[in-house]
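Biologist: Let's go through this model together. I'll keep asking where the terms come from.

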Amino acid sequence: MKHSRVATFALGLVLVFALAGTCLAAQKDKGQVVVYNWSEYIPQDVLDDFTKETGIKVVYSTFESNEAMYAKVKLLRGKSYDLVVPSGYFVDLLRRDKLIQKIDKSRLSNAMHLDPKLMNLEFDPDNTYSIPYMWGVLGLAYNSKYVPKGSLTRWEQLLKPEYKGKLILTDDLRDAFGLALRAKGHSVNSKDPAQIKEGFDFLTRLKNSVRVFDVTAIKQALISEEVWIGPIWNGDYLVAREENENLEYIFPEEGAIPWVDSFTIPVGAENVDNAYAFINYMLRPEIAVRCIKEYKYSSPNLKAVEMLPAEMQNNPILVPGPKELKNAEFITGIGEALDLYEKYWEQVKTAQ
Amino acid sequence: MRASAGGGASLFRAFSIGSTWLWLGAFALLPTLALLLVSLLDRGETDFFIPVLTVKNYQELFSPVFLTVLWDSVRLAILSTLVCLLIGYPFAYRIARASAKWRPWLLLLVIIPFWTNSLIRTYALILIIGAQGMLNKALLGLGLIAAPLEMMYTDFAVFIGLSYTLLPFMVLPLYASIEKLDTRLLDAAKDLGAGSLRSFWHITLPLTLPGIVAGCMLVFLPSLGMFYVPEILGGAKNLLLGTFIKNQFLVANNWPLGAAASSVMTILLVIMAALYRLSSLRVAGRDHKGLLSGGPEELNGRSPRRPSGAGPSMPQAARKAGGL
Amino acid sequence: MPRLLKRLYLWLVYAFFYVPLLVVFIYSFNSNKYTTNWGEFSLRWYETLLGNSALLDAALNSLMVAVCAATLATVLGTLTALSLKRYRFSGRQAMYGGIFLLTVSPDIVMGISLLIMFIALKMELGFLTLLIAHTSLCAPFVAVTVLARLAEFDEHLIEAARDLGASEARAFRHVLLPLTFPAVAAGWLLSFTLSMDDVLISTFTTGPAFEVLPVKIYSMVKLGVKPDVNALSAVMFLLTLTLVLLAQAINQTRRK
């Protein structure tokens, strides 16, 4: 009796380690691609179909902010991931830290579908290191139940006293400063301390109206009517609209803030071939269409946009045109000036 | 007996003691020293820390920004601890005084919620206290309020979340020390004419003090570090210590500053541990050789920080520990 | 009347514990995706769950780490408890103190110090680092649980076994281990749950190649948990509950 108990225990131990061993061995298997991406950005069935087609397993890992992504890639010294999807100027930061590798475009036959207007941007001239996946803009969503339609057209109006405690504000420093600087009539990439100070003053005043700071839960807070107004990405808004039809969207007159998220391959990627296969798969127009339909972001894939149903193609929120993008300005790297932004942002966050 | 132990015995003895030391040294002491060391280093351009000794991280902790963070966190943690104590004490008392047949089951009921992921339970709170949550719907339905109460994204929500997650850590040590309490003392007090309040104040409270201190420790310290509760329920309007520390490592790339803030928490821990030691010394009145000697013995089953995994035997273990 | 009031209080606190769980359970049958509004009764999230390989993978990884870490921690913690109970050696008080501090030390500090050490040693974050971290997290709790059981243990039994010629290891296997078995089992279960539920330490000590459930859920929670996570929680909860109640019932009948 006692013997058998000990024996069972020993057997259990052996089993456990055998199990662990096999699982670890499975991880060494080269038939996979480790993707590090924003949460809710690629539909699960698109990933499944890739695996079905190629036999390459997709390990999908997510982040909530560019800063967190950057810290993690740095922490892992560019290893572990095969594909990372940073936004705009973070491509530049990763490149400077030598954390991502050059991309051989000749291996991406589907890159020809990409919109030239979204290529060759300042953060990565000639797209040496990055291939655009999706793009979008930061505009303003509001709940027409509480905010009359047409009464909100500008960033600067967020300071109206009646919105006190009814606002959600992005927790992304550059986005927050971007809209503040725009409201004050400056560039979102201003390096002028006096202008940055103006932006800071705007945000300090705005904080009185803010109920929540968040990047990822904006959609959720607007749907559940915890807040009335919030700066939100166009895709997130369209998804939220499906669950709460009172939500409206505007491109603020001072200029909405556009962004592009791009595929990059870290220097330490172990499955580079699989990463290329995955990017090329994602660039296929019919696959891009499925991603657009699920997450409602704008696509740089011109062919895919053409394949969308007419009502989607003509939706200016999904496919913003020159009118919507008037005054819009991409966020770019600002070098040393970032320290000043960070210092002010900390003060905004801890102000009472 | 041990002096005459044979080769096999001393080998086993050496193995047991050796493996424990190896573990404590390699995975507890070494990381703690590394933490303290990094808190004294400078942050590098591309490296997380560079070997330049400095105290500037600690100086930075005296900046108004960090002091606000610290004050907000400590205030919230103290409040949560107090609420847990106020709710938990009578609750643990009731369980400890229930019939022996029911006690294991009542304790099991405290532990069962832990089998569900704590994040899921935190999220469940949103479904309850949100603007369109169940509570607001019920109150609106009953006509008690005209507009939804704003409970989400407030200190109140964080506070509910922390109390909810940490209450069992208060209840279990309290239970163990209350159950251990000799009821004859209370009877004697009653015979001598002491009112129930008086005997509670002079007998029950002092004798269950170690349980109270242990419970408070197990609620206070984790509530400083649990970044996910304030992040999910609090709306990040006030930066709290847990988030602050996490951000230094996983967002801002300022490891030395994060390490310095963590060291502050370690110091708080040591202070509280010493308090616990003092309180149990006073109660036990036994002969103690050194600081913290017999610590775990006294902690036996009394303060399983997370009672979650306790499983079937946990109530018995706790009961036994209580009856030591 | 006061008696009734006392009972009422007891059940009110239990309600506080259980209402949120009930809510999770109910919402796992809600057809709506993001809203807290009730759509209609639906099993669609249980179907989605079966197709969500990423989530199931993470659950499996969690399970694997939990089993391995709990087993290692049980071995280590039991050895620690035995050393503390049975032997007198220099540094014993320090060992007590160390174990005590570990049981109360905040997770976030533990996670960060281990992260710093792993990075300084240039270890790759993944299964191994997570296993080390979780073992280190759980072992003190096993030690404390086993010590509680050993406190009642009569040292003479071992001496008798030794007098009869049993080696120390044999005496351990045939006398000590069976006697402490309930506590060892409890320690294992405690460790298992600690590991399954840990968010803070896992956040810092695991890498992308090895995602575990709590970390995965953390990245989902703010977006509004999809009801398939609710479904997963409901399934896991019911499974463990059944196991625990079964074990408890068996335990009770055996005692009688």
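Domains and helix packing

Modeller: In chain A, the centres of domain 1 and domain 2, taken over C-alpha atoms, are 28 Å apart. It's a predicted model, where local features need pLDDT of at least 70, side-chain atom pairs count only at pLDDT 80 or more, and totals for chains, interfaces and linings use all residues. Residues are numbered from 1 along each chain as its sequence is written, with chains lettered from A and ligands numbered from 1 in the order in which they are written.

Biologist: What makes 10–135 + 260–313 domain 1 of chain A?

Modeller: Domain bounds come from an automatic or database domain assignment, and for chain A that also gives domain 2 as 136–258 + 326–350. The contact between them takes 16 residues from domain 1 and 13 residues from domain 2.

Biologist: What makes C:Ile99, C:Leu102 and C:Thr103 meet H6(C)?

Modeller: Two residues are in contact if their C-beta atoms, placed from the backbone, lie within 7 Å. On the H6(C) side, the partners are C:Pro140, C:Phe141, C:Ala143 and C:Val144.

Biologist: How many residues of chain B are in contact with chain C?

Modeller: 91 residues of chain B, against 92 of chain C. By class, the chain B side has 55 nonpolar, 27 polar and nine charged residues.

Definitions and conventions:
Nonpolar A, V, L, I, M, F, W, Y, C, P; charged D, E, K, R; others polar. Helix = DSSP H or I, 4+ residues; strand = E, 2+ residues; numbered from the N terminus.
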